[in-house]
Amino acid sequence: MHPITTVHYLALSAALLLIGTVGVLTRRNIVIILMSIELILNAVNINLIAFSHALRSVDGQIFAIFVITDAVAEAAVGLGILIALFRNKETVQADEVDLLKW
Amino acid sequence: MPVSNFVNPADLVRFLPEIILTVMGTLLMVLDPVLHKRSSYAFGHLSLLGLAAALVASVYAFRDPGPAFGGMLMVDGFATFFRVLVIGVGILTILPSYRFLARHDAETSEYHALLLYSIAGQCLMVSANELIMIFLGLEISSIASYILAGYLRDDKRANESALKYFLLGSFATGFFLYGVAFIYGSTGTVNLTSVHAALTGPNAPSPVFVGVAAALMFVGLAFKVSAAPFQVWAPDVYQGAPTPVTAFLSAGPKAAAFAIFLRIFMTSFQPIANGWEPLVWGSALLSMTIGNFAALLQSNVKRLLAYSSIAHAGYVLVALTARSDVGTAAAMFYLAAYAFMNVGAFAVVSHLSGRGERYQNVDDFAGLGQKQPLTAAMLTIFLLSLIGVPLTGGFFGKFYIFKAALESHLVWLTVLGLLNSAVAAYYYLRLLVMMYMHEPSEAATNAEPLSFGLSAALILPALGTLVLGIFPSWVLEFAGRSSNLVK
């Protein structure tokens with residue numbers, strides 16, 4: 001059995017960042033884009049906690065709590081904006097939101 | 001650290017502007033049921049009062065500059081300059097909002113509360129000296145701005161604007177945070193001064209790791225200041241948002257984002273400047289070119305000004321590329337001049353666009369010089385300043401930036417930047433020609449007379465633009481003294 005080291009956590013976090021980024025860039029459903037953004041923020045949290053553990057410093061954990069709080073606020077505002085849009089346009093597909101362009 | 005440090009009265013004084021703005025914002029929401037029926041203007045008056053108090057508090061806090069809350073905040077000349085700037089932008093946003101909100105039957109209390117929260121976040125950003133605080137300020141400012149962009153919630157364009165702003169803004173925050181986490185992991189600290197010390201110290205972390213972190217943070221910040229190649233959201237968001245909000249977005253959050261850009265890259269990342277310089281160089285050139293050439297093709301004035309604001313972000317990045325204190329001072333001066341002329345120009349658009357924001361095209365400005373000479377004269381000052389004609393703030397802004405760039409031997413960037421500003425003159429002049437040399441359009445004929453708030457919102461920034469253009473040394477000296485950031 002190999003112990004789980006900081007590098008493992010970093011790899012997990014990098015994978016989550018990649019999945020989140022691909023999700024934001026390729027998915028059409030806005031709810032799924034929101035979920036992908038949450039994934040990126042959680043990748044950051046895993047990084048912060050792993051570093052906090054490795055460095056024996058508590059700053060990272062406090063930072064992670066701030067990030068979690070921020071993610072909640074962002075999700076609330078994001079869903080609110082989405083509902084306002086849905087009332088007017090009846091769609092949650094990103095490519096159908098195309099009034100403004102060149 | 002002993003707990004007594006956290007209730008130090010000096011710390012509270014240095015944090016006073018943020019406290020005032022937050023308390024005032026909350027007060028507005030609490031008072032909503034009481035004042036709502038009596039006067040819809042009361043909230044505007046109250047928030048102006050709050051902003052004025054915060055302005056005084058910012059200046060007062062500067063009488064005794066220094067760190068607060070164990071080094072988390074740094075109230076220095078740089079922070080005070082930008083605090084005054086973002087609060088000033090807030091005041092200039094509220095003045096045209098009175099008429100705008102009444103015209104669209106919109107709720108006033110929430111609008112002003114959100115505006116105050118956003119400004120509180122920006123004040124926190126510009127005075128933060130720690131990455132956690134910077135992140136917190138950035139998010140307080142951004143989340144409130146996302147809502148403001150979609151404030152007219154029955155308007156499909158506003159919905160779309162808010163959605164795009166939100167999705168791309170939070171995506172950018174994710175990247176910024178990922179970079180911050182790497183900085184924390186490699187240096188063990190989030191304090192900007194300590195990061196600088198760690199990067200220059202004997203046990204400097206792996207440059208690859210720090211480089212990746214700096215690149216990720218650069219991506220996040222470039223999104224926030226709408227610098228190319230991360231500028232695509234800006235025209236859509238600026239066009240769809242309510243016009244006073246667009247004025248605010250293009251000046252306040254942008255100036256604050258540039259402040260943290262300068263602070264992070266000129267203090268913490270100064271030891272690795274050779275690494276990030278080419279990155280900023282490319283982004284500066286790309287922003288100027290994309291912004292100016294795309295603006296040539298626009299017929300919607302809000303969109304035109306949005307592209308011009310991308311180009312102006314490019315000019316400020318030129319100042320950052322110079323990597324010198326002179327460059328920082330030039331960037332500060334430019335952001336102040338830019339805030340005046342841009343907020344003023346958007347106030348004119350807000351005045352002319354009418355109910356439902358119908359009149360926003362270049363053609364709608366036809367004959368404005370005949371019908372409303374004062375409005376047209378003010379817009380002329382703003383446009384001349386955006387071009388960079390002497391005797392306006394925009395001229396000295398560009399002059400100092402390119403001077404700083406030349407002193408740092410950025411000859412090519414200077415030449416290309418100057419060519420760019422020549423291109424820019426075309427689309428601003430087109431608007432001027434439209435105002436003075438065409439028969440009045442429907443929009444110009446039907447425009448309401450200027451209200452008191454709107455006149456103030458036009459005359460104050462016009463005066464500011466002229467003062468910066470005739471007595472630039474007043475502001476430049478302060479900027480020069482404050483640009484030597486705490487390293």
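User: How many residues of chain B are in contact with chain A?

Analyst: This is a predicted model, and in it 31 residues of chain B are in contact with 32 residues of chain A. On the chain B side, α6 (131–149), α7 (156–187) and α10 (233–240) each supply at least two residues. α7(B) gives the most, with 17 residues. By class, that side has 15 nonpolar, nine polar and seven charged residues.

User: Moving on to α14(B), what makes it largely enclosed by the rest of the structure?

Analyst: The cut-off for buried is 20 or more other C-beta atoms within 10 Å. In α14(B), 28 of the 29 residues are buried, so the helix is largely enclosed.

User: How does the reach of α14(B) compare with the span expected for it?

Analyst: Helix α14 of chain B covers residues 325–353 and reaches 41 Å from its first C-alpha to its last, close to the 42 Å expected at 1.5 Å a residue. What follows α14(B) is B:Gly354, with a positive phi near 75°.

User: Why are α13(B) and α14(B) called roughly antiparallel?

Analyst: Their axes cross at roughly 175°. Angles over 145 degrees count as roughly antiparallel, so that is the name for this pair. The axes also come within 9 Å. Among the residues making the contact are B:Leu305, B:His312 and B:Tyr315 of α13(B), and B:Tyr334, B:Tyr338 and B:Phe346 of α14(B). By class, the contact has 14 nonpolar, four polar and one charged residues.

User: What makes the peptide bond between B:Ala228 and B:Pro229 cis?

Analyst: Look at omega: it is about 0° for the bond joining B:Ala228 and B:Pro229. You'll find B:Pro229 in the loop between α9 (207–224) and α10 of chain B.

User: What is the phi of A:Glu90, and why does this residue count as exposed?

Analyst: A:Glu90 isn't a glycine, yet its phi is positive, about 55°. Most residues other than glycine have a negative phi. As for exposure, the cut-off is 12 or fewer C-beta neighbours, and A:Glu90 has 8 inside 10 Å, so it counts as exposed. A:Glu90 lies in the segment after α3 (59–89) of chain A.

User: And why is B:Leu391 called partly exposed?

Analyst: B:Leu391 has 15 other C-beta atoms within 10 Å. Exposed needs 12 or fewer and buried needs 20 or more, so B:Leu391 lands in between and is partly exposed. B:Leu391 also has a positive phi, about 75°, although it is not a glycine. Its place is the loop between α16 (373–387) and α17 (393–407) of chain B.

Conventions:
Residues numbered from 1 in each chain as written. Chains lettered and ligands numbered in written order. Predicted model: local features only at pLDDT ≥ 70, side-chain atom pairs only at ≥ 80, totals over all residues. Helix = DSSP H or I, 4+ residues; strand = E, 2+ residues; numbered from the N terminus. Expected span 1.5 Å × (residues − 1). Contact = placed C-beta atoms within 7 Å. Nonpolar A, V, L, I, M, F, W, Y, C, P; charged D, E, K, R; others polar. Axes fitted to C-alpha atoms, helices over the stretch in contact; angles between N-to-C directions. Parallel < 35°, antiparallel > 145°, perpendicular 65-115°, else oblique.
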